[in-house]
Amino acid sequence: MSATTGGTTGGTTAGTRGSRGGPGGFSTTLFGFSLRGLLVRGRTAALALLPLAVAAVAVVVLAATSVPGRYGLQTTLAGDLLVGLVVPIVALVLGTGAFGDERESGTLPLLRALVRPRWHVVVARTAAAWVSAVVVCLPAVVACAVVGTSINLPAGEVVAGLLLATALTAAAYCALFVLLSLLARHGLLAGLAYVVLWETFLAGLAPALRGLSIGSYGRRVVTLATPGDVPLGTVAATGVTTSVLVLAGVAVVAVALSSWRLQRMDVV
Amino acid sequence: MSATVSGPVGAAAGAVAGAAERAVVEVDGVSRWFGDTVALSDVSFALGPGVTGLLGHNGAGKSTVLSLLAGSVRPSQGRVRVLGGDPHAEVGVHRALGVVPDGEGTWSHATAHAQVAFLARQRGVRDASAAASAVLDRVGLGAAAHRRVGGFSKGMRQRVRLAQALVHDPQVLLLDEPFNGLDPAQRRADVDLVASLGEEGRTVLVSSHVLAEVERMARRVLVVVNGRLVAEGEPAAIRDLLVDRPRTVHLDGPRVLELAGLLLAEGVVESVQRDATGRGGVLVQAPRATALAEAVPALARRVGATLRRVEPVGEDLESTFAHLVRRARGAGR
């Protein structure tokens with residue numbers, strides 16, 4: 001073949017050889033390749049500023065308030081900020097990016113043309129979005145845990161409650177936004193409208209609507225990590241166990257629908 | 001040497017029935033529309049081993065043909081089979097199918113080697129890493145294999161796409177304008193590469209809007225115009241079809257009027273008119289362009305005309321293809 005492609009930057013390339021992704025290693029698995037694709041982008045680093053901001057708020061709370069004053073603030077931090085705002089926004093960007101990035105870069109046809117069932121691709125990419133979303137949210141989780149233990153809540157319950165709520169809410173949102181990005185070309189905008197209009201506004205208007213809001217189930221789960229009797233404005237009426245099942249169910253159904261969609265859709 | 005000019009309604013289906021060897025790729029009565037736009041209309045053909053060129057102007061439907069074969073889109077009507085399977089629904093087909101799709105199609109965050117190895121492994125290649133290294137060497141990217149594709153030139157990304165399509169050693173290759181963005185030296189090298197892929201016994205369909213390029217690698221050419229398959233045959237026959245057609249030519253120079261008169265008298269041209277754009281000279285209308293080309297030198301000598309300008313008018317692919325469509329319609333009646 002011609003020598004036209006080589007010489008531009010001289011012989012500096014051989015040095016990086018072998019430094020990443022061994023032969024047939026993690027980076028060539030469906031999940032590993034998807035995860036790298038989502039994390040490598042500068043977008044994810046920018047996204048991490050959001051949970052870091054929550055952490056900063058927590059530091060201010062710890063410095064400026066007395067212990068009794070933190071009861072209500074813990075509810076705001078964990079329920080409204082972490083589960084109600086940070087998790088959906090992070091999941092929105094990463095969930096719609098899982099296939100939206102591929103559509104943008106023209107690589108979606110390649111992912112439809114792998115020699116494996118298309119639901120494998122959907123599961124791997126949804127899982128990659130989910131894992132990266134949880135990782136990005138971790139600073140906020142840690143901050144909420146510190147505030148929660150500072151008001152003498154049991155540390156085990158606080159950590160478990162925060163992790164469970166974050167992981168499950170992120171799973172439901174990620175799966176939903178993956179589906180949305182496969183159904184609509186402008187999945188990010190549609191998802192943003194959904195989060196802003198439905199999750200943060202309309203669903204809070206009437207108790208009957210809360211049953212249709214992912215955030216309200218997430219906020220119910222996070223009550224494990226907030227002071228017991230403080231009522232949260234928009235929690236679902238169901239118990240924690242039911243809320244956990246609902247969130248997991250939403251994720252599973254959304255993944256199933258995404259798989260069906262990827263199998264049937266045209267990629268142009 | 002033969003070329004078939006098919007009528008508008010599926011006259012090309014005869015080519016399917018006539019294929020002697022079992023077809024690797026079969027397209028049977030396929031139409032595809034997007035909303036109100038008809039991208040393909042009742043197209044039928046079959047492909048066997050070797051390189052076949054898919055020729056047509058931009059928007060003629062080449063990419064739709066390739067997307068249908070690649071399984072990226074489904075036909076609205078008709079049937080597409082690659083190696084006996086439906087490429088849209090059956091993932092198994094992709095074990096032996098390699099595609100360079102239209103548009104971009106590389107992961108800029110990954111190195112060339114990482115993404116080619118990823119695809120190899122996901123298509124069931126046993127030693128994905130070694131296969132990726134080998135194919136990147138073959139397309140001339142051996143030295144850049146471990147650099148991120150985000151920093152690559154357009155030509156290099158095009159090579160990555162080719163490597164992606166080739167890494168699992170596919171029996172069928174679909175290449176959508178694979179030479180776009182390459183400089184002439186790269187084009188030559190890649191034309192040779194595609195030709196050699198055909199010689200290896202693979203079934204290759206490569207689209208292009210440049211006949212000269214297709215001629216250098218393809219044994220057979222399909223011509224698509226406005227969503228219809230209007231002609232198919234050996235490259236030389238297609239060239240005759242494209243070149244030997246009515247054309248208007250602008251002639252200018254001393255004693256050009258005498259020459260035009262002689263051309264008219266000899267029946268080489270059908271009409272002569274003065275050039276209306278004020279450049280001087282005349283426009284002659286020739287029913288057969290090759291006859292005009294043969295006649296002009298001798299007749300110009302006979303009348304002592306010196307030609308300053310011999311220039312085809314309206315000479316572009318659009319008008320060439322428009323001619324083919326008219327001709328196909330005529331043949332269908």
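1. About 3900 Å² is buried between chain B and chain A, and carbon and sulfur atoms give 57% of that area. The model is a predicted one. The contact involves 46 residues of chain B and 42 residues of chain A.

2. Polar interactions across this interface include 16 residue pairs in polar contact, with both residues at pLDDT 80 or more. Salt bridges between chain B and chain A number 2. One of them joins R74(B) to D266(A), with 3.9 Å between the closest N and O atoms. The cut-off for a salt bridge is 4 Å, so the R74(B)–D266(A) pair at 3.9 Å falls within it.

3. On the side of chain B that touches chain A, at least two residues each come from β2 (25-34), α3 (112-122), α4 (128-138), α5 (154-166) and α6 (184-199) of chain B. The largest share is that of α3(B), with 7 residues. Sorted by class, this side of chain B has 18 nonpolar, 17 polar and 11 charged residues.

4. Chain B also holds an open sheet of 4 strands, ordered β12-β13-β11-β14, with antiparallel pairing. Its edge strands are β12 (271-274) and β14 (309-313) of chain B, each of which pairs on one side only. From one strand to the next, the twist averages 25°.

5. Within that sheet, β11 (residues 247-252) and β14 of chain B pair in the antiparallel sense over 5 bridges. One bridge can be located by residue: D252(B) has R309(B), in β14(B), as its bridge partner. In general, the strands of a sheet pair through backbone hydrogen bonds.

How values were computed:
Residues numbered from 1 in each chain as written. Chains lettered and ligands numbered in written order. Predicted model: local features only at pLDDT ≥ 70, side-chain atom pairs only at ≥ 80, totals over all residues. Heavy atoms only, no water. Pairing = 2+ DSSP bridges. Axes fitted to C-alpha atoms, helices over the stretch in contact; angles between N-to-C directions. Contact = heavy atoms within 4.5 Å. Buried area = accessible area lost by both parts, 1.4 Å probe. Salt bridge = Lys/Arg side-chain N within 4 Å of Asp/Glu carboxyl O. Polar contact = N/O pair within 3.5 Å; in protein donor to acceptor, adjacent residues only side chain to side chain. Nonpolar A, V, L, I, M, F, W, Y, C, P; charged D, E, K, R; others polar.
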